[in-house]
Structure formats: structure tokens, C-alpha cells
Amino acid sequence: MSRTALRICPLCEATCGLTLTIEGTRVTGARGDRDDVFSRGFICPKGASFGAVDGDPDRLRGPLVRRDGELREATWTEAFDAVAAGLRPVVERYGPHAVGVVLGNPNVHTMAGALYPQVLLGALGTRSVFTASTVDQMPKHVSCGLLYGDANAIPVPDLDHTDHLLLIGANPLESNGSLCTAPDFPGKLKALKARGGTLTVIDPRRTRTAKLADRHIAVRPGTDALLLAAMTYVLFDEHLVELGELAPHVEGVEELRSAVRDFTPEAVAGSCDVDADDIRALARELAAAPTAAVYGRIGSCTVPHGTLASWLVDVLNILTGNLDRPGGALFPQAATDRTPRPAGPGRGFALGRWHSRVSQYPEAKGELPLSALAEEIDTATAEGEPIRALIVSAANPVLSAPDGARLDKALGSLDFMVSVDPYLNETARHADVVLPPPPPSQSPHHDFAFNTLAVRNQVRYTRPAIPLEPGRMAETEIFARLILAATGMHGADPAAVDTMVIDQTLGKAVKDPNSPVHGRDPHEVAAQLTGDTGPERRLDMMLRLGPYGDGFGVRPDGLTLRQLLAHPHGIDLGPLASRLPQPLKTRSGKVELLPQPIVDDLPRLRQAMSDRADGLVLVGRRHLRSNNSWMHNVPALTGGTNRCTLQIHPDDAERLGVVDGAPVRVKGAGGEVTAPAEITDALRRGVVSLPHGWGHDRPGTRLSHAAADPGVNVNQLLDGSQLDPLSGNAVLNGVPVEVAALTAPL
């Protein structure tokens, strides 16, 4: 007999509410939850395929341990015994930095991935930390850190109320939004147009999003920062700067005017392949709109000047008075945010507090570039020990990092590796121990990270829809036991990890004069926590200490876990609202419009005006039914438009003798791949496109469907040497490549 259960979708950043149909212990269907306070019934193909993702037969059901060179099934006790025996000797002999940690994109889609990795990093004390952020969004974190003093203070466009939306390097009709959590992003864009608003899209491809636009600018890839700098110039040159209520909170306006004086529309037009008149029109329309928001994403992050482009997105919002006002770009307030502190100067944001051992790349936000992982493993220097052991959680850097072939080889040279992953994929196949979390239906869900980026303040929590199957271990317990095994406490009660975090958090809170529990007994406060598990008690603590919380009885009508459980479709906390100056943590207590690291990088942008290279350049592309490399094993999410083809403009195809569907060789600085051609005028001339996350052709994996149509790894075209210097982000777009037609069939 079937039943239904609610679940928040963990398959992209939109975080839509789902109603699951369950038969026994199997999810047989998924539809949008019409009563969900945030998504209101919206669902995309990924959410509709929740059951297929959840029930993928290739998901590992129990741990694997390497014995005699082969990964074999083992008990959980054997697995964690092996983790302790493999990691601790490395730490004790070579120090904590010899243990690297790699965190992949799916971590932010689970409670365990949000609550435990930072505890692991703090307990290990390693600086060898790498995440998916440095092949994606790190430029935005860095630019916001420099502007606002907090790398996680990222303003999002007020999609429901803006009059003018300018998107650059973003295709939300395929991605569902990124660094902007918005269920039914397509519907919000259509509503914008229906109320008479304007949508402008800057993208070298005529994407599905661009087809909706009132104005589409097909910029040359990699020149986003030049175009935005020229728009900034126009605002100053034509006296269109109007900070409005922002004025008391901003410093550096006149210095910025001087800094962009060389970036005239005429000066950048040749590099961007955008007419100077069009650049001026973009700036004028932005300034003239009653309200407006500029939003940039991965296309403007994964380029040579990604941090400058991300900074200029906010600069345009600030100079037009659209930062921190309804209809513009606003700072969300999540229910689990820390207790708001009074406005005033903070510690600011620093870059380069330490550097990578081999290439001396500066850290950003506590992370080193993922592009540097291979050399940190396989290259000896006098600067310290190479990485000898690796903990990889929900990451597949062999496919997602540049020069995957080198990294593939480097992983094989490690003394020890542990992977937390439901699949034996191209990276996990190197592990000595694989710890598979249960499918999402058997896990609780709360969006800690994405609610800080949501276009409406709300809070939702869903308990597991299906009880944990025998032989499975909760992902939260896997992480807790991993922390204990890695830090010399193997065998201790895993509940001790949650207890430790609660004790430490409340111990600090009672000493904080801004906390609602200031001066109270931390044990008395802890005794009030509710929840069936340690993670639920931690969630309750964060909710009660947060901006909407009850403060442990201080505000009787405030938010608690018990209240949240009584509202299974979520609690609406209202539209985004102006919050400045409270979010600012700069040393000045103001928006620092022209921070020194930006000043130091501007000469490189000026040089780019005369550095245009001839030939083809490569960009990536996103598919609606995919999310990086982790959904290609689900038949319902592959095929159709979700194919690994090289898109090329008809004129370029004719010049090179390329035939639609025939194989082409694509060569870059890091290597070459062969893929079928897809001739389309959706790209501008001089640009080719390959999707990210493919290349499932290595032996030793258990990805049967993905291996049947493996595609090619676009990152193998990159040698890892091209990085945005401020953020360490890999340059994945605007990369020069050579394309040649092949006569032999694929």
C-alpha cells in the first residue's frame, strides 16, 4: 500500500518542496508540494526523477575496504578501523597538512555536509583544503569579502519585485539558479516581463534564458569584466551615479571613478565584440529603471578576471542605488544565521593568509585552488611535506578539476585515501576506504547554505521519508565517526561530536553580550534543546539562537525546532528587506568600494584590452537534467538535449569542414578530446561549447549507465595553470582551443 511523505529536493539549488509517493521502502513517484511555502508546487525534471536517483541500483549499500589491491565489501567497524589505521600514522609522522580534504558540490545539499566538514577541518588542523568552489563561485565569495567584509554576505536579486534584471554568464532556465536560491526561476522571469519589466542577458550563447530576454548581448567569452567596467565608466561619465540611501554606508566612490577612467566603451568594444553604443545603452537602461538588479554567475566567475567581474556586478548595483533595497539586490536573512550583532566595524576579509606549497597560490576563504591538488600530491619541494593522505567527500575532482589525467595518476600514489560517496566513481575508485551515505529519502534535510541565498526568507525541515535500511549508516554518523577516526578518538561514541559542538557553541554564546543567552548557564540552556538526534538538537540550537529564534525562552513566539516540525510545509519569514549596515564586517564598517586587492589587479584588466587572441575559444554549458558529474548514472536524466557534444557555429563548422554529428578533435593546453559535433547558430562565431562533468570511461568504477555513454572530460583540455589570481578559481571559459574535423566515426 502506498503512502506519501514530504521532502525538500536536494538535487539543485532551487530547494523545491516535493511530495513523494512511497511503496514499502521504495520511492515510486515525486511531484511538487503545492503547499510548500517557498516553491508552491514547482518541480523540474531532476525533482521528478527523485525516485530514480534515490533508487539507483549502482549506489553502494555498504562500505568498501581495499584488501590485496581490491576494494571489497566490509563491515562498518572494519571500515572505520581501516580509516583510523590509515590516517593517524600520516598525521603523526608528517603533520596535519599532509592530510588533504576535498569537498564536493553535493555536500551543501545535505545536513551532514553542512554540519560536519568544518568540525573535521578544525579537529585535523590541516590547511590542505580544496572544494568545488574554486572551479565555480570563489570569485563571488572573494569580491563580497572585500566589499562587505564577509565572504558569505552575497546579495541576491529581488526577482519578485525588480523592474530590470541584467544577467551575465547565467542561464537559470537550465541551472534553476545558483548563488540565488529561487524555485521556479523561469516563472519569475516570465512574471518580470508580464509586469512590464525588462530582462537583459549577456552571454556568448543564445541560451533558453537569452531567448526570453528583451536584449541579448553575445559578448566574447572572458571579457565580462571589461564590459562591466565600461558600463561603470558610463555611469560616471554621464552623471548617472545615484547612491540614494546607500550613500552613508559607502566609501571610495571618487577613487573608483578614477580607477575606471581608462575603460571607455570605445576602448573595450574591440575586445568584447560589443558595440560601444550598446554598452552605453546597457548602462543607461540600468540607471533609468525604477529598480534594477545585476546578477552574474558561473560564466562570469570561471574566466581570467572572475573576481573583478564579480566585484563589478555589485559595483553596478551600488552605483545605481540598487543594493539593499527592494527590487534591487538584497542580503537574505536565514533562520540559522548567527545572532545578528550590532552594526559597526568588523575584522574585515583577508586573502593569502597562507599559500600552497608548490606554486605558492594564496588561500581564499581558507581554501587552496582545486587546480593545485595534483601538484600538491605529486611534487616534492623544500616547503614541506606533500599531501600523503586524502579525505574526499562527495567530490569527483578527476572529472571536475583541470588536467584530470594528472590528478588521476596522483591519487594512485597516495599513502591512504578515504572517500565518502554513494558511488564508486572516477575519483572514489582510488580510495582505500569508501563510506557510502544512504539515499536522500533516508536522510533528514534542511538547507543551511541555500537559505542564506534565498530570494525569500523562509525555513523548512523534513525528517527522513523512509527509515534507515538495515546495514546502512546515517550520513551524519558517518561523518561523526570519520572525525573521531581521523583525530585519534576512534572508538568513542559518535554522539560525542554533536555534544562537543553544542557545548562549544553555547559556551561562547553565554559569554557574548549580543547573544540572547548571555550570562546564562550553558548546561541549563543545553537541557532545553529538543530533537531526536544530535543533528536535530544542533538545528534546534541554531534556530533558537538565530535572528528569528526564541532565544531559549527570551522571545516566546520565536522559532524552535518544535515549531518547525509543526509546519511540515515550512514557515514563511517574509520578503527580503533592507539590512545595511548590519551585514557589514569591514574594518571601516562601510561598503569598501575599491579595496586594495582590486586596485592591484586592475592593471591586468587594462592589459586585457590589447591582449585579444585570435582563433576559437571554449565555453561550458549546463543542462537542466544534470548537475555537474553526479547525475549521469540516472537514465531519466540523460539523453535528449543532455548530451556531450561540441557545439559550433555554422560558419566556423563550414570553415573547418566540420559535419553535424561527425567527430571532431578539440585540443587545448592540457590535452585533447574527441566528441561529436553539434552545429548550431545558438553560439556566436568563434566560440565552441562542451558540457562539464562527463568522461565516465575509466575502469574500476560502478557507474553502469554513465559508462555506456561516457562522453569526454572537457577539463582535460586544461593544464591547470590558468587561474584567477585573487580567488584561485580555475579558468574554464574563454579558453583558446583548436578544433579539427575527423574522418573516422566515433
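Predicted model: local features only at pLDDT ≥ 70, side-chain atom pairs only at ≥ 80, totals over all residues.
Figure 1. A cis peptide bond, with omega of about 10°, joins Leu580 to Pro581. Most peptide bonds are trans. The loop between strand 19 (571–575) and strand 20 (591–592) is also the place of Gln582. Gln582 has a relative accessible area of 19% and is therefore buried, since buried means under 20%. A polar atom of the Gln582 side chain lies 3.4 Å from the backbone oxygen of Arg341. Not counting residues up to four places away in sequence, Gln582 touches Pro340, Arg341 and Ala343.

Figure 2. Helix 6 (residues 138–148) contains Leu146. Because its relative accessibility is 8%, Leu146 counts as buried. Leu146 and Phe349 are 203 residues apart along the chain, yet their C-alpha atoms are separated by 6.0 Å. Leaving aside residues up to four places away in sequence, Leu146 touches Phe349 and Leu351, together with Thr586, Glu592, Pro595, Pro597 and Ile598.

Figure 3. Ala269 has its place in helix 12 (residues 265–272). With a relative accessibility of 16%, Ala269 counts as buried. Residues up to four places away in sequence are not counted here; beyond them, Ala269 touches Val274, Asp275 and Ala276. Ala269 and Ile279 stand ten residues apart along the chain, with their C-alpha atoms separated by 8.2 Å. Both Ala276 and Ile279 are among the buried residues of helix 13, which also include Arg280, Ala281, Leu282, Ala283 and Leu286. Helix 13 (residues 276–288) has 13 residues and, at 1.5 Å a residue, should span 18 Å; the end C-alpha atoms are 18 Å apart, so the two values agree.

**Figure 4. Nonpolar cores.** The largest nonpolar core has 89 residues, of which Tyr148, Leu199, Met231, Leu256, Trp311, Ile318 and Leu593 touch the most other members. Helix 10 (residues 224–237) supplies the largest share of this core, eleven residues. A second, separate core has 52 residues, including Val99, Phe448, Val459 and Ala486.

Figure 5. The strands of the barrel run in the order 21-25-22-24-23-26, and their pairing is mixed. From one strand to the next, the twist averages 45°. Val619 has Ser689 of strand 25 as its bridge partner.

**Figure 6. Two residues with positive phi.** Most residues other than glycine have a negative phi. Arg40 is not a glycine, but its phi is positive, near 55°. Its place is in the loop between strand 3 (26–32) and helix 1 (45–48). Arg40 has a relative accessible area of 54% and is therefore exposed. Asp403, which is not a glycine either, has a positive phi of about 50°. Asp403 is found in the loop between helix 17 (397–400) and helix 18 (404–411). Asp403 is buried because its relative accessible area is 16%.

Technical notes:
Residues numbered from 1 in each chain as written. Heavy atoms only, no water. Helix = DSSP H or I, 4+ residues; strand = E, 2+ residues; numbered from the N terminus. Expected span 1.5 Å × (residues − 1). Buried < 20%, exposed > 50% of the residue type's maximum accessible area, 1.4 Å probe, protein only. Pairing = 2+ DSSP bridges. Axes fitted to C-alpha atoms, helices over the stretch in contact; angles between N-to-C directions. Core = buried A, V, L, I, M, F, W, Y, C linked by side-chain atoms within 4.5 Å. Contact = heavy atoms within 4.5 Å. Polar contact = N/O pair within 3.5 Å; in protein donor to acceptor, adjacent residues only side chain to side chain.
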